[in-house]
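Please consult the sequence and the coordinates together while reading.

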Amino acid sequence: MSRHPSAPHPADPHSLYASGFYGRALNILEKSSAQRALSVEEKVLRTQLLERTGAVKKAILAGQELLKERGLTVTDGCKLRHALGHSYFVIGRHGLGTEEYEHGIRLAETHGAHVAACNLRISMFRDRIRWIGPYHATSEVNQLRRQVHRAADPVLSTKFQMYLVELAAKLGLFRKARRHLSIAQELLATVDDHALMVNVGLTEAALTAQQGDLGRALELSLKLVDSVNRTGDASASLAIATNLGHLLIAQTRHSDALRWLHEELEAQRHRGGHGGGPEVALRDTLMLLHVSRGDLDEANSEAARIQSLLRDSHDSISFYGLWHVVTRV
């Protein structure tokens with residue numbers, strides 16, 4: 001049973017970030033930047049928070065500029081490469097994302113920062129599963145497992161088990177996925193991170209849906225809505241919207257599904273992170289909704305928008321690109 005993360009000091013963005021309250025942390029930094037020049041450390045944190053809250057294009061611009069700073073610490077360099085790596089994956093630039101992760105890994109390993117290197121490897125593992133597809137990540141599991149064991153960090157261990165759930169589920173190995181989920185839930189008891197707790201819950205809901213218990217999956221998802229909103233975590237917001245979209249479509253609750261999907265699309269526009277894989281995922285779910293209710297003209301309109309998005313990225317060969325082909329069929 002996981003405990004609720006303790007409330008961090010409300011004015012400390014570093015503590016809020018570590019505890020998984022990304023939106024609140026970013027708001028504090030943005031207010032501070034209007035009053036004074038931020039330190040390099042604060043600018044690095046702001047870049048991380050832009051990435052976590054879904055403003056990935058802003059994160060890329062900020063990260064690229066900060067990498068030109070003299071005297072960046074190894075820790076700062078790893079954090080920036082991490083934020084850039086994920087941001088590039090999200091906008092469909094998987095090659096650039098991999099390059100940034102690998103730059104960070106080399107930097108960390110050269111300076112003996114093994115936990116930082118492991119963190120980068122785990123995130124690259126997740127992004128390959130999520131944005132390219134599960135088969136691209138299977139060869140990394142054994143080596144990554146050894147590195148996670150060596151790092152002996154409960155947050156990294158929880159993340160690794162959570163992403164193993166996703167990998168196993170996408171390969172149809174549901175019993176194995178459940179075992180990894182149980183381990184991740186046990187590890188949460190040692191972690192003080194609200195965003196991680198929420199993402200493990202979202203993983204459980206998605207796995208439950210994939211195993212066919214749609215009623216239970218919907219119940220689990222709805223219970224997580226407020227917690228997702230408190231994190232400001234863009235990936236969690238995308239997951240809850242698309243999960244609820246699919247589950248409500250299955251119940252022919254089309255109006256409810258439409259509301260969730262439109263709200264998340266609007267939230268993406270507000271964050272400045274629209275486009276790329278997240279928008280493809282949302283619009284593909286919208287397309288499925290229109291097909292489900294027999295509105296093929298609207299479905300074709302969404303298909304055209306998705307095709308335009310895919311042309312602007314490498315996501316046509318991604319996991320989301322593959323599922324869009326299934327929706328078109």
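The model is predicted: local features require pLDDT of at least 70 and side-chain atom pairs pLDDT 80 or more, whereas totals for chains, interfaces and linings use all residues. Numbering starts from 1 along each chain as its sequence is written, and side-chain values rest on heavy atoms, without hydrogens or water.

**Helix pairs**

Two packed helices are described by the angle between their axes and the distance between the axes. Axes are lines fitted to C-alpha atoms, for helices over the stretch in contact, and angles run from 0 to 180 degrees between N-to-C directions. Helices are DSSP runs (H or I, at least four residues) numbered from the N terminus.

| Pair | Angle | Axis separation |
|---|---|---|
| α5 (74-90) and α6 (94-110) | about 165 degrees | 7 Å |
| α11 (194-210) and α13 | about 25 degrees | 10 Å |
| α15 (276-292) and α16 (296-311) | roughly 165 degrees | within 8 Å |

The crossing of α5 and α6 is left-handed, that is, the near helix is turned anticlockwise from the far one by less than a right angle. Contact, meaning heavy atoms within 4.5 Å, involves residues including Arg 81, Tyr 88 and Phe 89 of α5 and Glu 100, Tyr 101 and Leu 107 of α6. By class, this contact of α5 with α6 has 9 nonpolar, 9 polar and 2 charged residues; Ala, Val, Leu, Ile, Met, Phe, Trp, Tyr, Cys and Pro count as nonpolar, Asp, Glu, Lys and Arg as charged, and the others, Gly among them, as polar.

For α11 and α13, the angle of about 25 degrees makes the two roughly parallel. Their crossing is also left-handed. Val 198, Asn 199, Leu 202, Ala 206 and Ala 209 of α11 meet α13 residues, among them Ala 239, Ile 240 and Leu 247. This contact of α11 with α13 comprises 8 nonpolar and 3 polar residues, with no charged ones.

The axes of α15 and α16 cross at roughly 165 degrees, which means that α15 is roughly antiparallel to α16. A left-handed crossing is found here too. Among the residues that meet are Arg 283, Asp 284 and Met 287 in α15 and Glu 302, Arg 305 and Ile 306 in α16. The contact of α15 with α16 divides into 10 nonpolar, 2 polar and 6 charged residues.

**Second largest pocket**

The second largest pocket holds about 560 Å³ of space. Its lining has 23 residues, of which Thr 53, Gly 232, Ala 267, His 270 and Arg 271 are the closest to the centre. A pocket is an open set of points on a 1 Å grid over the protein atoms alone, where a 1.4 Å probe fits, with protein on both sides within 12 Å along at least five of seven lines; lining residues have an atom within 4 Å of a point. Grid points are joined across faces, edges and corners, and the volume is the space filled by probe spheres set on them. α14 contributes the most to the lining, with 6 residues. By class, the lining has 10 nonpolar, 7 polar and 6 charged residues.

Key:
Angles under 35 degrees count as roughly parallel, over 145 as roughly antiparallel, 65 to 115 as roughly perpendicular and the rest as oblique.
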